[in-house]
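Below are my notes on the model, as numbered points.

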Amino acid sequence: MRLSPVQLNRFWPWLLGAGLALLIFSVLVSLVFGASVITLKQLGLWALGQGDAQTQLIIGSLRLPRALLAAVVGALLGICGAASQGLFRNPLADPSLIGVTAGASAGASLVIVCLNFSYWGLWGLSVISLGAFAGATLVVLCVYRLATGAQGTSVATMLLAGVAFSYLAGSLTGVLEFVADNQRLRQMSLWRMGGLDGANAVTVSLIAAVCVMVTALLYAQHRALNALLLGESEARYLGIAVDSVKRRVVICIAAGVGVSVALAGSIAFVGLVVPHMVRAFVGPNHRYLLPMSACFGAVLLVVADLFARTLIAPTELPVGLLTACLGAPVFILLLYRHQKMRSLSC
């Protein structure tokens, strides 16, 4: 059931508060459950700084950084997905359409195959993450440059260029897989499946800073994104600097998704499914859609990581596999509903 604009204005603080409360609850649940269960008493003692050494190790060093990384990555993917769908004016758009994920995979694969010190890094970040971010940045720059001309930036050209560069980056990844030995091939495969096992204080701090900046910049564009839903000509008539808005949104999407993929690997469908589900409840107004997509994207990935850690414990499933298994049926359902609506409108 979609809320009316009057209901949204009236209940917005309560809705946002409920979403944040659900996120906090999901993080607390992820701290308790795992290969070894932590009781609520142990969790309370740990919060007071009186926990035993084992509890301190499990929660403070393993589960808490991982839960926070999952929350921030999910929030970034959710809000970037909502912004992508607003920019392309298509509820089935995905932030990876501009080639971010494919470029990051190619960059990470290049580092894994060509360098022998794959786990070395700078400032606590692995060189694989740095290579992935460099690959994502390079692809987005190429896509944006190709889509920008004297008449401004064409969204359609950006979409087509993103598809083309995604295939190009995918072919490079395929070549690297062909020449890689068994150990590096397995490492490349595991990285592309997505995982949050590399969470630590440095990665959480870095991605949290990026998340705050990206969220603030995208939310500042919510009125412009609402105007773009009417079309570029109409947005210009309303006084929106369309090309500047496109540039800001693309930069934010590239930074948010690029950092997320670099630190957590490829995590599918969060940026596609979450904004669409939130839109069905709060409508297309980006004032509400952007923060709620970030909130529920965080909840979804925290819960998905919890299941990835506990379904076949003590073995962990890659969280990207779990989100893909859950997201693919939802995506098919969205396509079916979209096609059905088009048929009814004809």
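Predicted model: local features only at pLDDT ≥ 70, side-chain atom pairs only at ≥ 80, totals over all residues.

1. A102 counts as buried because its relative accessibility is 18%, where buried means under 20% relative accessible area, exposed over 50% and partly exposed in between (1.4 Å probe, protein chains only). A102 lies in helix α4.

2. Residues are numbered from 1 along each chain as its sequence is written, and side-chain values use heavy atoms, leaving out hydrogens and water.

3. Helices α4 (residues 100-114) and α7 (residues 182-193) have axes that come within 10 Å and cross at roughly 155°. α4 is therefore roughly antiparallel to α7 (angles over 145 degrees count as such; axes are lines fitted to C-alpha atoms over the stretch in contact, with angles from 0 to 180 degrees between N-to-C directions). Helices are DSSP runs of H or I, at least four residues, numbered from the N terminus.

4. There are eight salt bridges in the structure (a side-chain nitrogen of Lys or Arg within 4 Å of a carboxyl oxygen of Asp or Glu). One of them pairs E177 with R192, closest N and O atoms 2.4 Å apart; this pair links helix α6 (residues 155-179) to helix α7 across 15 residues. E177 is partly exposed at 25% relative accessible area, and R192 is partly exposed at 27%.

5. K246 forms a salt bridge with E232, the closest N and O atoms being 2.7 Å apart. Both K246 and E232 are buried.

Technical notes: Helix = DSSP H or I, 4+ residues; strand = E, 2+ residues; numbered from the N terminus. Parallel < 35°, antiparallel > 145°, perpendicular 65-115°, else oblique.
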